[in-house]
Amino acid sequence: MKTMIVIPARLASSRLSEKLLLRAGGKSVLQHTYEAAKRASVTDEIIVAADDPRIVKEVDGFGGEARLTDVNCQSGTDRIAEIALMHDDVDVFVNVQGDEPEIDPGAIDAVAELLMSRPDADIATAACAIDTLAKLEDPACVKIVMGANDRAIYFSRSVVPHARDGGSETLLSSGKTVYWHHLGLYAYRRDFLLWFATQPPGQLEQIEKLEQLRAIEAGKQIVVASVAPAARGIDTLEDFRAFRDRIEDI
């Protein structure tokens, strides 16, 4: 199966303006992400799906490949679907978010390889174990309810599954992972992407503000690769400064 990594790159950001172009260690955040993705072994083909010519200019400057996509795309998945329309020879598209400069290339491989090994699945994604109550109760930490055969049953910002008898802390320390933190890394089949781009948001998606619930509500199959905890992405100026300090101290 032919695989392509696509990095959706939107210049505007409500929390940190033009964060993908911020520089640390002589490189932009986007270049760091691109180079991390390039270290994955699943494919040599990487395209940045940009919404602004300045992103394209940045990618050209460090020798990468970029395509300008519709500025009105509602999500990174929609932007990748636009790339999928241009590449009918590619079977699997891997979504690596542009603000993940410390993404683990091994996690990229794990997600892509899981999808390729599971003909029953439409999407593969990644998760790591939640091991603290603070993280479990943080609505910014999206949780996955897992079923048999590594299948995702539901995604939520709430504490799920809910321990009716108030035993969340006991479950956390039980030695068996019950609570899973969803990481925003995906692999999609091309036909799923083309379907997704034509569908309106579902009711669950609108309630939780999680687009993967559009797939769950429609009966699509999502499988989950268990990976090591991920480095924090760049959402705020504090995140960027911490990343810059790590990079420039090396």
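Guide: Let us begin with pairing, a term that applies to two strands if DSSP finds at least two bridges between them. In this model, which is predicted, three bridges join strand E4 (residues 46-50) to strand E5 (residues 66-68), and within E5 the bridge partner of Ala 49 is Arg 67.

Visitor: What makes E4 and E5 a pair of strands, and in which sense do they run?

Guide: Pairing needs at least two bridges, and E4 and E5 are joined by three, running parallel.

Visitor: Why is E4 called mostly covered?

Guide: A residue counts as buried under 20% relative accessible area, and five of the five residues of E4 are buried. In a regular strand the side chains alternate between the two faces of the sheet. In E4, Ile 46, Val 48 and Ala 50 point one way while Ile 47 and Ala 49 point the other way, and all are buried.

Visitor: How do you know that strand E11 (residues 222-226) is largely enclosed by the rest of the structure?

Guide: Four of its five residues are buried, so E11 is largely enclosed by the rest of the structure. Strand E7 (residues 123-129) runs parallel to E11 and is joined to it by five bridges, with Ala 225 in E11 as the bridge partner of Ala 126.

Visitor: And what makes helix H1 (residues 29-38) mostly covered?

Guide: Eight of the 10 residues of H1 are buried, among them Val 29, Leu 30, His 32 and Tyr 34.

Visitor: In what sense do E8 and E9 pair, and over how many bridges?

Guide: Strand E8 (residues 143-146) and strand E9 (residues 152-156) pair in the antiparallel sense over four bridges, and the bridge partner of Met 146 in E9 is Ala 152. Their hairpin has five residues between the strands, and Asn 149 there takes a positive phi near 60°.

Visitor: Which residues have the most contacts inside the largest nonpolar core?

Guide: This core has 45 residues, and those with the most contacts inside it include Ile 7, Val 48, Ile 55 and Leu 185. Helix H4 (residues 105-117) gives the most to this core, with six residues. A second, separate core has 28 residues, including Met 4 and Phe 93. As for Val 48, its contacts beyond its neighbours within four places in sequence include Ile 7, Leu 30, Tyr 34 and Ile 55.

Visitor: Finally, why is the protein said to be as compact as a globular protein of its length?

Guide: The secondary structure comes to 10 helices and 11 strands. The radius of gyration is 18 Å, close to the 18 Å that the globule rule gives for 250 residues, so the protein is as compact as a globular protein of that length. Buried residues make up 50% of the 250 residues, and of the contacts with a separation of 6 or more, 69% are between residues 24 or more positions apart.

Terms used
Residues are numbered from 1 along each chain as its sequence is written. This is a predicted model: local features need pLDDT of at least 70, side-chain atom pairs count only at pLDDT 80 or more; totals for chains, interfaces and linings use all residues. Side-chain values use heavy atoms; hydrogens and water are left out. Buried means under 20% relative accessible area, exposed over 50%, partly exposed in between (1.4 Å probe, protein chains only). Helices (H or I, at least four residues) and strands (E, at least two) are DSSP runs, numbered from the N terminus. A nonpolar core is a set of buried Ala, Val, Leu, Ile, Met, Phe, Trp, Tyr and Cys residues joined through side-chain atoms within 4.5 Å. Contact means heavy atoms within 4.5 Å. The radius of gyration is taken over C-alpha atoms; the globule rule is 2.2 Å times the number of residues to the power 0.38.
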